[in-house]
Amino acid sequence: MIISVLQAIQILASQDVVAVPTETVYGLAADASSDLAVARIFETKGRPQFNPLIIHIWDVQQIQEFGVFNEAVKKLADAFWPGPLTVVVQLKSNSPLSKLASAGLPTIGVRIPQHPVALELLKAFGKTLAAPSANKSGRISPTESHHVSQSLGEGIPILEGGKSTVGLESTIVDVSYDQPYLLRHGAILKDQLESVLGCDVLDKTMPEDGKVLSPGQMLSHYAPRLPLRINVTEPRARDALLGFGPMPNATLNLSPTNDLVEAAANLFSMLHQLDSPQYQGIAVAPIPDEGLGRAINDRLQRAADPRN
Ligand code: TXA
Ligand code: MG
């Protein structure tokens with residue numbers, strides 16, 4: 001369903017998703033500061049995991065609202081933005097962005113897209129947008145508006161922007177550490193990054209398919225400090241109980257009404273709140289393993305697994 005920028009802004013303001021053209025691929029955009037809006041991205045894509053999303057901005061100064069703006073970021077921004085490069089930076093501790101957008105990681109990917117429609121929408125909405133590619137999980141990325149409706153259904157609101165000129169997802173480079181890492185290949189090449197940064201960039205992409213390593217493999221995951229148990233029906237005395245569904249004894253409740261979108265929206269912030277020394281552990285009630293529940297359970301299993 002093709003919509004106007006004005007309609008897109010209304011949809012975004014109501015915490016829902018809109019497909020947006022960028023020069024790389026079409027993105028499925030939502031208000032990056034809203035847990036609920038970001039949860040709807042994952043629901044729409046049918047992602048079995050919460051991967052961290054890319055935050056889209058229109059002015060480089062916006063990074064300072066949520067992230068650490070170091071010298072490397074400045075060099076890369078000057079050289080390549082607007083354009084097909086995502087830069088991973090440290091999140092500020094008081095970042096207003098949804099924790100679900102960064103999948104609980106201490107870092108966040110950010111870029112200024114080059115497509116005029118994407119820039120027009122960003123400026124008109126006036127807030128940052130989280131946007132993964134606008135396709136069902138595991139399918140190829142859309143480079144034309146009809147690819148988006150083919151993958152996500154005719155009902156999905158889309159801004160028309162013609163064919164994506166680059167047609168490949170952005171290059172991702174992580175400069176949140178002293179040593180820059182290339183996390184995904186794209187139109188901006190490693191050599192170009194190295195000459196702008198004036199140092200080596202280590203290739204951490206997976207050669208077979210160019211996918212990034214999952215954040216659990218290479219980055220320190222946010223896992224609660226307290227031991228976490230899942231599928232708990234009988235919490236221990238000093239446990240904080242994270243409920244789901246009607247549960248009067250829950251310390252916090254992901255969704256008293258069994259709403260999985262609401263539960264996903266609350267997951268990271270509630271885990272954060274319960275990870276407090278006043279408790280001895282976090283007990284999480286059973287979550288149905290369907291729809292967004294699969295992604296919630298995937299994340300909870302990782303948080304419960306002592307190897308992570
Ligand atoms: O070209 C693009 O980047 C498109 C357009 C819409 O901007 N977006 C896109 O998003 O390709 P998505 O979700 O399909 O890919 C985002 C990638 C994921 O593979 C994710 O793991 C990585 O970015 N990513 C985001 N934040 C990260 C972080 N803090 N650390 C490591 N990887 C991160
Ligand atoms: Mg994708």
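**Entry 1: the parallel sheet**

In which sense do strand 10 and strand 13 pair, and over how many bridges? I found that strand 10 and strand 13 pair in the parallel sense, over two bridges. Strands here are DSSP runs of E with at least two residues, helices are runs of H or I with at least four, and both are numbered from the N terminus. Two strands count as paired if DSSP finds at least two bridges between them.

A note on the source: this is a predicted model, in which local features need pLDDT of at least 70 and side-chain atom pairs count only at pLDDT 80 or more, while totals for chains, interfaces and linings use all residues. Residues are numbered from 1 along each chain as its sequence is written, chains are lettered from A and ligands numbered from 1 in the order in which they are written, and side-chain values use heavy atoms, with hydrogens and water left out.

I then looked up a partner for Arg229. Its bridge partner in strand 13 is Ala283. The whole sheet has four strands, is open, and runs in the order 10-13-11-12 with parallel pairing. Strand 10 (228-229) and strand 12 stand at its edges with a single partner strand each, so one side of each has no neighbour in the sheet.

**Entry 2: strand 11**

Next I followed strand 11, residues 239-243. Four bridges join strand 11 to strand 13 (residues 281-284), and the two run parallel. Asp239 has Gly281 as its bridge partner in strand 13. Strand 11 also pairs with strand 12 (residues 252-253), in the parallel sense and over two bridges. There, Gly243 stands opposite Asn253.

Is strand 11 mostly covered or uncovered? Strand 11 is mostly covered, with five of its five residues buried. Buried means under 20% relative accessible area, exposed means over 50%, and partly exposed is in between (1.4 Å probe, protein chains only). I noted the general rule that side chains in a regular strand alternate between the two faces of the sheet. In strand 11 both faces are covered: Asp239, Leu241 and Gly243 are buried on one side, and Ala240 and Leu242 on the other.

His56 stands opposite Arg111 in strand 5.

**Entry 3: the cavity**

How many cavities of 30 Å³ or more does the whole structure hold? The search finds one. A cavity is a set of points on a 1 Å grid, over the protein atoms alone, where a 1.4 Å probe fits but cannot get out; lining residues have an atom within 4 Å of a point. Grid points are joined across faces, edges and corners, and the volume is the space filled by probe spheres set on the points.

The largest cavity holds about 70 Å³ of space. Its lining is Val20, Thr22, Gly27, Ala29, His56, Pro113, Ala118, Leu122, Leu129 and Ala131. Strand 2 (27-31) and helix 5 (116-125) are the elements that give two or more residues to that lining.

I checked the backbone with a general rule in mind: most residues other than glycine have a negative phi, and most peptide bonds are trans. The peptide bond from Trp81 to Pro82 is cis, with omega near -5°. Pro82 sits in the loop between helix 4 (71-80) and strand 4 (85-90).

Gln15 is not a glycine, yet has a positive phi of about 65°. I placed Gln15 in the loop between helix 1 (5-13) and strand 1. Gln15 is partly exposed, with a relative accessible area of 31%. Ala103 also has a positive phi, about 50°. Ala103 lies in the loop between strand 4 and strand 5, and is buried at a relative accessible area of 3%.

**Entry 4: the whole protein**

Last, I stepped back. The protein has 10 helices and 13 strands. Its C-alpha trace spans about 55 × 45 × 35 Å along the principal axes. Of its 308 residues, 54% count as buried.

Methods:
On a 1 Å grid over the protein atoms alone, a cavity is a set of points where a 1.4 Å probe fits but cannot get out, and a pocket is an open set with protein on both sides within 12 Å along at least five of seven lines; lining residues have an atom within 4 Å of a point.
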